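Please examine the sequence and the three-dimensional view below before reading on. The report that follows describes the fold in outline and then turns to selected residues.

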Amino acid sequence: MKVYESYNDLECIIDDLNERTECEKRKAKEKAVSQFSFKLKMSKLSMNIALVSIILGLIFLIKSGLATLIRSVFTDEKSAYNTEIFVIGSVFIIIGLINIIIYKFTPLKQVKGSYLYYKGKEYHYSDIKKIKISDMNIVRVFLTDGKSFRITGDYDNCTTFLVWAEKCGITFEGSKELRKADANGDINPKWAVIVIAVILLVCGILLYYSVKTM
């Protein structure tokens with residue numbers, strides 16, 4: 001501890017107290033986050049959805065192409081390819097492949113104690129400028145070196161990352177809905193509506209073309 005010759009040096013005393021206070025705060029933060037160790041990666045649900053999309057696409061292609069070919073070979077019927085079903089099947093397959101590529105090649109993010117690891121670099125939590133959460137629950141992390149990355153609510157350990165960031169005192173901007181929903185263990189209603197809408201759309205398309213080709 002510093003010793004002052006007189007009480008006239010009040011400014012130095014205040015600076016010393018502030019420095020010690022900040023040091024204690026940093027130590028408290030370091031201790032609070034020291035037990036955190038997790039990886040941020042896309043949920044396997046994304047891969048499963050991609051595989052389902054590819055399977056649906058193959059079903060459409062088989063229905064539009066292979067079935068037509070078999071009828072042409074074994075009967076006198078000269079069937080034409082169903083272009084609409086072929087296009088729909090191709091779209092499903094392309095969407096599935098894109099999701100698989102994104103899943104496989106998206107850089108892994110990892111947190112250990114006070115540090116975030118991204119693209120082979122180590123960042124202290126003080127190197128994170130801010131975290132912005134959009135209304136669609138897309139979390140964007142801005143780093144002091146100008147880089148940034150995005151994760152979504154369906155990433156593994158997204159909730160843990162937000163808790164870690166709060167304990168580190170990182171600035172948040174935008175929607176707080178994701179943090180509230182995660183804290184309560186609720187399913188985000190926006191994502192639930194989107195998933196249900198996609199399922200209904202796929203079922204509707206299958207039903208329509210099944211009836212049309214009967």
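The following paragraphs proceed from the whole chain to individual side chains.

This is a predicted model, in which local features need pLDDT of at least 70 and side-chain atom pairs count only at pLDDT 80 or more, while totals for chains, interfaces and linings use all residues. Residues are numbered from 1 along each chain as its sequence is written, and side-chain values use heavy atoms, with hydrogens and water left out.

**The chain as a whole**

The chain contains 6 helices and 8 strands. Helices (H or I, at least four residues) and strands (E, at least two) are DSSP runs, numbered from the N terminus. Along the sequence, their order is α-β-α-α-β-β-β-β-β-β-α-β-α-α.

The chain has 214 residues, of which 29% are buried. Here, buried means under 20% relative accessible area, exposed means over 50%, and partly exposed lies in between (1.4 Å probe, protein chains only). The accessible surface comes to about 14400 Å², and carbon and sulfur atoms account for 62% of it. Such areas come from the Shrake-Rupley method with a 1.4 Å probe; for residues, only the protein chains shown count as cover.

A contact means heavy atoms within 4.5 Å. Among contacts between residues at least 6 apart in sequence, 62% join residues at least 24 apart.

**Cysteines and aromatic rings**

A disulfide is a covalent bond between the sulfur atoms of two cysteines. With the criterion of cysteine sulfur atoms within 2.5 Å, the count is 0 disulfides. Cys158 is buried, at a relative accessible area of 1%, and Cys168 is likewise buried, at 3%.

A pair of aromatic rings is described by the distance of the centres and the angle of the planes. Rings of Phe, Tyr and Trp (its six-membered ring) pair if their centres lie within 6.5 Å; planes under 30 degrees apart count as stacked, over 60 as edge-to-face and the rest as tilted. The chain has 3 aromatic pairs. In the pair of Phe36 and Phe38, the ring centres are 6.4 Å apart and the planes stand at 70°, so the arrangement is edge-to-face. Both Phe36 and Phe38 are buried.

His124 belongs to strand β4 (residues 121-124). The side chains of His124 and Ser126 make a polar contact of 2.8 Å. A polar contact is a pair of N or O atoms within 3.5 Å; within protein, one must be able to donate a hydrogen and the other to accept it, and residues adjacent in sequence count only if both atoms are side-chain atoms. Leaving aside residues up to four places away in sequence, His124 touches Glu30, Ser114 and Tyr115.

Ser114 is located in the loop between β2 (109-112) and β3. With residues up to four places away again not counted, Ser114 touches Glu30, Val33, Tyr123, His124, Tyr125 and Trp164.

**Two loop residues with positive phi**

Lys119 has a positive phi of about 50° although it is not a glycine, and Lys119 is placed in the loop between β3 (115-118) and β4. Asn157, also not a glycine, has a positive phi of about 70°; Asn157 is placed in the loop between β7 (148-152) and α4 (158-168).

| Residue | Relative accessible area | Class |
|---|---|---|
| Ser114 | 5% | buried |
| Lys119 | 54% | exposed |
| His124 | 17% | buried |
| Asn157 | 33% | partly exposed |
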